[in-house]
Amino acid sequence: MDKTWNNKAWFLVLPVLVLVAFTAVIPLMTVVNYSVQDTFGNNVFTWAGTEWFEELLSSSRFWEAMVRNLIFSFIILAIEVPLGIFIALNMPKKGWGVPVCLVLMSLPLLIPWNVVGTIWQVFGRSDIGLMGYYLNAIGIDYNYVQDPFDAWVTIIIMDVWHWTSLVVLLCYAGLVSIPDAFYQAAKIDGASRWAVFRYIQLPKMQRVLLIAVLLRFMDSFMIYTEPFVVTGGGPGNSTTFLSIDLVKTALGQFDLGPAAAMSLVYFLIILLLSWVFYTVMTNYDAER
Amino acid sequence: MARIDVNHVRHSYLPNPQKEADFALREVHHTFEDGGAYALLGPSGCGKTTLLNIISGLLHPSHGKLLFNGRDVTNLSTQERNIAQVFQFPVIYDTMTVYDNLAFPLRNRGVPEADVDRKVRETLEMIDLASWARKKARGLTADQKQKISLGRGLVRSDVNAILFDEPLTVIDPHMKWVLRSQLKQLHRRFGYTMVYVTHDQTEALTFADQVVVMYDGGIVQIGTPAELFERPRHTFVGYFIGSPGMNVMPVAVEGKTAMLGSQRIELPGAPKAASGAVELGIRPEYVRLGRDGMAVSVSKVEDVGRHKVVRAKLEGRDIAAVIGEDETVPAEPKVRFDPAGINIYADSWRVEMGA
């Protein structure tokens, strides 16, 4: 253990530390600061203790948004993961089709989120939108501005359209890494198409799938831009997710204290869920 | 078990093969006898794996037919042909136990579970993994994994043939010997028809009764290890088999004499119809180094343990000779060719010698 300690190294990481302090730590501490105080403007603050937290955790509005978030994440995972696997399995593995498919798959991922929202906002409008107009024309009563169910369908389809590609690309990467010999051996062993999927393709995709599920869960749990652009959280509060609620509270009503408390709780929930996923993944790796 | 007839099989990976060079497999016409142990030996890219995959049905040949026991199987799928094949890299089903890996091919064919259990246990004994049955397959070493790949072939006792595609590439040298002798034992005990692809001559010669030497998409010689050594039909076989390979030098033949530059070499007989580019081939083992014969200049002596390899120049050409471990190179070295080891080649193919 003849390690030479060289404290000069600290100077080299100093710029990063300063940067992180300004971008992350100081804002975070500001939020913590707000969350335990009350203000009526004019920069006058009074101590509020845990009042905002108690109020938040006992408010039905918070829990309703939370449940909406969980339901939304669950639905899009239930659609995007199987659909992504299905598309990846059916993508060509060689030839000119590969770049074509990859580019087509990447397109939705390259579009900025607010543009995705705008696209679907227009696309779904029942007066001028391509989808909305024709759905109504064939007799389906579709109007996401007024009907909560239609609003949910719209943002779910939008999210599936936007993000299934990510699952596809990750699964595809897992699939192309399987050597041909595995498929040949499976033929020799007389394996059915299902058995090939169950015992060769799925085990090889397991790790990328975990990453895909993690990423999609986190992203969908923090979703803000797209539903905000499409429905603005409505009709009523039917598509008001935690992040939308947060912005409404903080910017709309300028209730800095409750908004700060909510940010912290929201942050802790995501931290907790990330930790759970991380633990599950590392345990899974250790088991191998 | 089955006799496998490969009838004028040609294969090209191109959709429209035009020239002879477009074919990965030029033309193979050969019968693998029932219960035989064959090795397909050749350098990389000579078409041996292509031939193997055609036999197992993973590839459909561009031309020609394949018969198992006289029945045309050319258009049958791999599964219908009932073939076992072991690949270069071990293929195991990671998430299954060793037991389930071996049971997999049987369960896929709807074999009753009682029979599956009996067969799997037998096979586990055979490949010496009985104590690992309940372990997950992914934790095993490379050679254990390869044994499982092998076991998945052996577990189906009714297979028509077992094909090996360089199965010992990833195995440690020590384990290579063990596995190879286990394979030989299995062959003796159960009489499977086995075809073994390799580019390693030691592996081919120790495994097989009949070695099929392939070169540039075709079969150049089929024979026992001794035949390949003594009477290589093609100069390629001479180079490829043996270490060091055969000495091949251009000569002019007149009757029972070959002229190598200014040297006259007595042949065991007069070659029949030696036209075209005539060459004389002699294995280093038949080159006698001593005080009489043709003068050579020795450039290097390599001691390989069992014997020494002498590298020398004869009439300006490289020549190798093998001498005993205790022998030394004389002061004015000369070489003689043992007539028993002389082969004459015309345009690279061996010509018979008359009296």
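Mentor: Let us begin with burial: a residue is buried if 20 or more other C-beta atoms lie within 10 Å of its own, exposed if 12 or fewer, and partly exposed in between, with C-beta atoms placed from the backbone. By that count, 43% of the 355 residues of chain B are buried. This is a predicted model, in which local features need pLDDT of at least 70 and side-chain atom pairs count only at pLDDT 80 or more, while totals for chains, interfaces and linings use all residues. Residues are numbered from 1 along each chain as its sequence is written, and chains are lettered from A and ligands numbered from 1 in the order in which they are written.

Trainee: How many helices and strands are there in chain B?

Mentor: Helices (H or I, at least four residues) and strands (E, at least two) are DSSP runs, numbered from the N terminus. Chain B has nine helices and 23 strands. Its C-alpha atoms fill a box of roughly 75 × 50 × 35 Å along the principal axes.

Trainee: Which residues of the largest nonpolar core touch the most other members?

Mentor: In soluble globular proteins, nonpolar side chains tend to be buried together. A nonpolar core is a set of buried Ala, Val, Leu, Ile, Met, Phe, Trp, Tyr and Cys residues joined through C-beta atoms within 7 Å. The largest one here has 78 residues, and those touching the most other members are Tyr38(B), Ala39(B), Leu40(B), Ala161(B), Val195(B), Tyr196(B) and Val213(B). Helix 3 (residues 98-108) of chain B gives the most to this core, with six residues. A second, separate core of 25 residues includes Val287(B), Val296(B), Ala312(B) and Ile344(B).

Trainee: With what is Leu40(B) in contact, leaving aside its neighbours within four places in sequence?

Mentor: Two residues are in contact if their C-beta atoms, placed from the backbone, lie within 7 Å. With those neighbours left aside, the partners of Leu40(B) include Lys48(B), Leu51(B), Val195(B), Tyr196(B) and Met214(B). For chain B, among contacts between residues at least 6 apart in sequence, 66% join residues at least 24 apart.

Trainee: At what angle do helix 3 and helix 9 of chain A cross?

Mentor: Two packed helices are described by the angle between their axes and the distance between the axes. Axes are lines fitted to C-alpha atoms, for helices over the stretch in contact, and angles run from 0 to 180 degrees between N-to-C directions. Helix 3 (residues 60-90) and helix 9 (residues 193-221) of chain A have axes that come within 10 Å and cross at roughly 145°. By class, their contact has nine nonpolar, five polar and two charged residues.

Trainee: In what order do the strands of the four-stranded open sheet of chain B lie?

Mentor: Strands of a sheet pair through backbone hydrogen bonds, either parallel or antiparallel. Two strands pair if DSSP finds at least two bridges between them. The order in this sheet is 11-15-22-23, with antiparallel pairing. Strand 11 and strand 23 of chain B are the edge strands, each pairing on one side only. Strand 22 and strand 23 of chain B are joined by three bridges, and Ile344(B) stands opposite Val351(B) in strand 23.

Trainee: Where does Asp347(B) lie, and what is its phi?

Mentor: Most residues other than glycine have a negative phi, and most peptide bonds are trans. Asp347(B) lies in the loop between strand 22 (342-346) and strand 23 (349-351) of chain B, and its phi is near 50°, a positive value. Asp347(B) counts as partly exposed because it has 13 C-beta neighbours inside 10 Å. Asn69(B) also has a phi near 50°, and this residue is in the loop between strand 4 (63-68) and strand 5 (71-72) of chain B. Asn69(B) counts as exposed because it has 12 C-beta neighbours inside 10 Å.

Trainee: Which residues does a cis peptide bond join?

Mentor: Ser243(B) and Pro244(B) are joined by one, with omega about -5°. Pro244(B) is in the loop between helix 9 (235-240) and strand 11 (247-250) of chain B.

How values were computed. Ala, Val, Leu, Ile, Met, Phe, Trp, Tyr, Cys and Pro count as nonpolar, Asp, Glu, Lys and Arg as charged, and the others, Gly among them, as polar.
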